[in-house]
Amino acid sequence: MFTLTLDPPEVSPRLAVITIDRQGEKVNTIDPAALEEVEQQFAAIEATPGLAGIILISGKPDNFIAGADVEVFANAKERREIEAFGKRGHEILSKMASARVPIVAAIHGACLGAGLELTLACTYRICSDSPKTVLALPEVMLGLFPGGGGVSRLPRLVGLREALDMILTGRNIRPRAAKKMGLVDQVVAPEALLPAARAAAAKLAEGKLQPRLHPKGDLVRTLLEKNPLGRSVVFRQARKTVEKKTFGLYPAPLVALDLIERGLSLPLGEALKLEPPAFAELATGETSKSLVSLFRRSNALKKQPVFDADGNKVEGAEIRRLGMVGGGFMGADIAVVSAEKGIETRIRDIAAEPLAKALAHCKAHFDRKSRSIGERHVFKARSRVSGGLDLTGFSTMDLIIEAVPEVLGLKQDVFAQLEAMVPRTTILASNTSALPITKIGERLQHRDRVIGLHFFSPVSKMPLLEIVKTAETSPQTLATCLRYAAQIGKTPIVVNDGPGFYTTRVLGFYLMAALEMVQAGHSIEAVDRGARMVGWPVGPITLLDEVGIDVGAKVSKTLAAAFPDRISVPATVDQFLTEKRYGRKSGRGFYVYPPEQRGLLARRARKHVDPEVYGYFGSRQAIADESNPEELGERLTLICAAEAVRCLETGILQSPRDGDIGAVFGFGYPPMRGGPFRHIDALGPGAVLTRLAVLRERHGDAYIAPDLLVRLAREGKNFASIEGEHA
């Protein structure tokens with residue numbers, strides 16, 4: 001993994017360059033073997049006569065170190081194995097931190113988790129200004145904290161507030177921001193990275209350059225961070241924020257806060273000793289296990305193979321040119337994400353105004369990017385997006401995605417027009433969220449190239465791509481769309497065609513169940529709060545306002561037509577549409593929004609339930625006692641889980657794994673549960689069956705148990721045990 005290049009003895013100052021390159025892997029990660037190799041390399045180098053400095057650099061084109069190898073935690077049989085790994089890592093990093101010569105980290109690409117913690121033990125840090133370069137401590141997203149020295153070294157380097165922000169959110173830090181906050185000492189062009197690192201190492205060795213050892217001081221920092229009273233204020237506010245956001249469902253942020261607070265009152269060496277046992281405790285907990293499971297399984301989905309009828313593996317073609325039909329926000333979002341990954345993209349709309357809005361949306365996206373990473377890094381992506389009012393150039397596209405309004409006849413007409421002009425090899429995809437792909441493509445001659453590509457908004461942030469195949473979709477079409485997902489950095493799940501597919505179908509049942517609860521007398525606040533209390537990132541009524549009640553109505557009516565015995569759309573929805581209560585974008589839905597906070601791109605703001613809303617729910621009798629909203633959240637979650645099981649038993653889903661990833665990444669199923677199937681397994685199918693029976697008796701047939709769940713409970717199995725049956 002480590003290759004050493006040592007300057008000849010006659011070179012002064014004599015430097016050693018260690019290149020990190022884990023063979024056979026796309027990214028560098030740290031495991032026990034890598035730790036031992038680090039120690040061996042440094043022991044050998046430090047004994048080199050005349051050595052003046054060491055440089056660490058990656059041999060990967062777009063990755064420094066992506067963190068610790070999660071397989072170490074996932075496969076550990078005992079807590080003490082994880083703690084021993086942590087202690088060993090601390091020993092080696094402490095040796096690096098006290099090395100007799102300066103160590104310069106030359107960072108290009110992703111520098112995450114344990115990779116960033118390794119650089120914190122270095123003397124000096126330089127990073128490239130490439131868009132590929134990001135620095136982060138994302139362990140909180142795995143139910144952990146940065147246990148390789150991160151909670152101890154980072155606050156001492158960049159200050160308490162900046163460290164808390166990084167550690168508690170896991171957010172990415174771009175090069176410019178990293179320099180400003182003191183996380184790195186220099187930012188240079190990628191081609192200048194190694195020369196700059198050599199120059200810095202030489203100056204450090206000669207005493208002509210001093211490393212940054214403490215955060216810059218200002219009045220606020222002095223008041224809040226450099227005295228015990230001020231720090232206690234910061235920590236108290238941080239705990240309140242964490243508890244408000246997580247409802248105590250995620251232990252890692254609170255553990256991290258405790259370690260940072262205790263550690264700052266201790267010498268660094270003593271603070272570091274607190275990390276390994278606390279890390280091991282979290283790593284063996286159910287929350288971290290579920291989140292690590294999601295991470296591992298999502299990575300596996302990015303590599304899923306496609307086979308033809310004879311069992312031969314099919315390789316997908318690269319997408320070089322993409323056509324977008326429909327210039328709404330979704331179409332524009334897909335365009336910019338594709339263009340950023342090197343794909344020439346053209347947007348077509350039938351009218352000048354929506355096309356202009358789409359191109360303005362693209363421009364605004366690239367303007368924001370240029371402010372964070374520099375115009376020279378977005379210039380090429382800008383030039384890859386174009387638009388027009390006709391289909392000029394679409395005959396050369398590898399892939400065409402339609403994102404026109406959710407009207408079946410309109411989508412059929414678009415596909416028929418496209419088939420008449422494009423080559424046989426062009427894939428025709430729909431971004432519909434609910435209409436069956438088979439029906440959209442039924443008028444075409446070559447239906448084997450028809451597929452659904454269901455993106456989620458905002459496309460630039462949502463990681464999931466739901467790929468919907470019909471009975472006639474060819475293996476080549478599917479393989480190429482999986483490759484496209486990889487090109488644009490999305491996690492794909494492949495589902496079979498049907499009304500609402502998987503994600504929209506389950507979400508539709510979730511949203512309509514929430515409206516039924518309001519109809520039954522529960523307050524909108526209680527329903528939303530109940531969902532958040534059990535781990536949903538946003539309540540269902542708020543989500544309906546965010547998505548758009550008009551959009552939700554179309555989807556729900558499609559589902560109601562397909563499943564009339566199990567879902568219905570209350571008359572309330574049509575009344576809302578008549579009065580143009582569309583949600584946030586119109587300023588009012590179930591909630592009322594301040595004028596400055598309306599619109600699809602507005603940031604979330606303080607809002608309040610419109611008291612007039614309850615008048616739309618005929619015969620509703622308000623429930624006086626709302627003391628247990630958490631039960632409402634549990635009921636909503638079980639409705640989603642049951643519908644996910646039905647999608648598996650009817651063949652919409654190919655495996656429980658796909659269902660778990662799709663639910664968490666697609667519509668926010670409580671992440672700490674690991675998805676509906678892992679959640680059911682954790683509770684036990686028998687226990688879930690019993691709870692559904694109780695809820696059915698109290699609240700009706702919405703809680704009828706799926707046949708597959710009944711069978712598993714009877715046979716003493718769970719979804720993990722049948723994974724192979726649906727793979």
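P458 sits in the loop between β15 (450–454) and β16 (464–469); helices (H or I, at least four residues) and strands (E, at least two) are DSSP runs, numbered from the N terminus. The peptide bond that leads from S457 into P458 is cis, with omega near -5°. This is a predicted model, in which local features need pLDDT of at least 70 and side-chain atom pairs count only at pLDDT 80 or more, while totals for chains, interfaces and linings use all residues. Residues are numbered from 1 along each chain as its sequence is written, and side-chain values use heavy atoms, with hydrogens and water left out.

**Backbone geometry**

- Most residues other than glycine have a negative phi, and most peptide bonds are trans.
- A cis peptide bond also joins S12 and P13, with omega about -5°; P13 belongs to the loop between β1 (2–6) and β2 (14–20).
- F247 is a residue other than glycine with a positive phi, near 55°. F247 lies in the loop between α10 (228–246) and α11 (251–263).
- The relative accessibility of F247 is 23%, which counts as partly exposed; buried means under 20% relative accessible area, exposed over 50%, and partly exposed in between (1.4 Å probe, protein chains only).
- K580, likewise a residue other than glycine, has a positive phi near 60°. K580 is found in the loop between α25 and β18 and counts as exposed at 56% relative accessibility.
- Helix α6 (residues 160–169) is followed by G170, whose phi is positive, near 75°. The buried residues of α6 are L160, A163, L164, M166, I167 and L168.
- G328 is placed in the loop between β10 (321–325) and α15 (329–340). With a relative accessible area of 37%, G328 is partly exposed.
- G328 and L359 are 31 residues apart along the chain, and their C-alpha atoms are separated by 9.7 Å.

**Helix α26 against helix α28**

- The axes of α26 (residues 629–649) and α28 (residues 676–683) come within 9 Å and cross at roughly 110°. Axes are lines fitted to C-alpha atoms, for helices over the stretch in contact, and angles run from 0 to 180 degrees between N-to-C directions.
- α26 and α28 are therefore roughly perpendicular to each other (under 35 degrees counts as roughly parallel, over 145 as roughly antiparallel, 65 to 115 as roughly perpendicular, the rest as oblique).
- The crossing of α26 and α28 is left-handed: left-handed means that the near helix is turned anticlockwise from the far one by less than a right angle, right-handed clockwise.
- On the α26 side, T637, A641, A644, V645 and L648 meet P676, F677, H679 and I680 of α28; contact means heavy atoms within 4.5 Å.
- The residues of this contact divide into seven nonpolar, two polar and no charged. Ala, Val, Leu, Ile, Met, Phe, Trp, Tyr, Cys and Pro count as nonpolar, Asp, Glu, Lys and Arg as charged, and the others, Gly among them, as polar.

**Helix α3 against helix α13**

- The axes of α3 (residues 79–97) and α13 (residues 275–283) come within 8 Å, with a crossing angle of roughly 145°. The crossing of α3 and α13 is right-handed.
- R79, I82, E83, G86, K87 and H90 in α3 meet E275, P276, P277, F279, A280, E281 and A283 in α13.
- The residues of the contact of α3 with α13 comprise six nonpolar, two polar and five charged.

**Aromatic pairs**

- A pair of aromatic rings is described by the distance of the centres and the angle of the planes.
- The whole structure contains 11 aromatic pairs. Rings of Phe, Tyr and Trp (its six-membered ring) pair if their centres lie within 6.5 Å; planes under 30 degrees apart count as stacked, over 60 as edge-to-face and the rest as tilted.
- W536 and F667 have ring centres 6.3 Å apart and planes at 20°, so the pair is stacked.
- W536 lies in the loop between α22 (524–533) and α23 (540–547) and F667 in helix α27 (residues 656–667), so the pair ties together parts that are 131 residues apart in sequence.
- W536 is buried, with a relative accessible area of 2%, and F667 counts as buried at 8%.
- The rings of F576 and F590 have centres 4.7 Å apart and planes at 45°, so this pair is tilted.
- F576 is in helix α25 (residues 571–578) and F590 in the loop between α25 and β18 (591–592), so the pair ties together parts that are 14 residues apart in sequence. Both F576 and F590 are buried.
- Ring pairs link Y502, Y510, W536, F667 and Y669 into a cluster.
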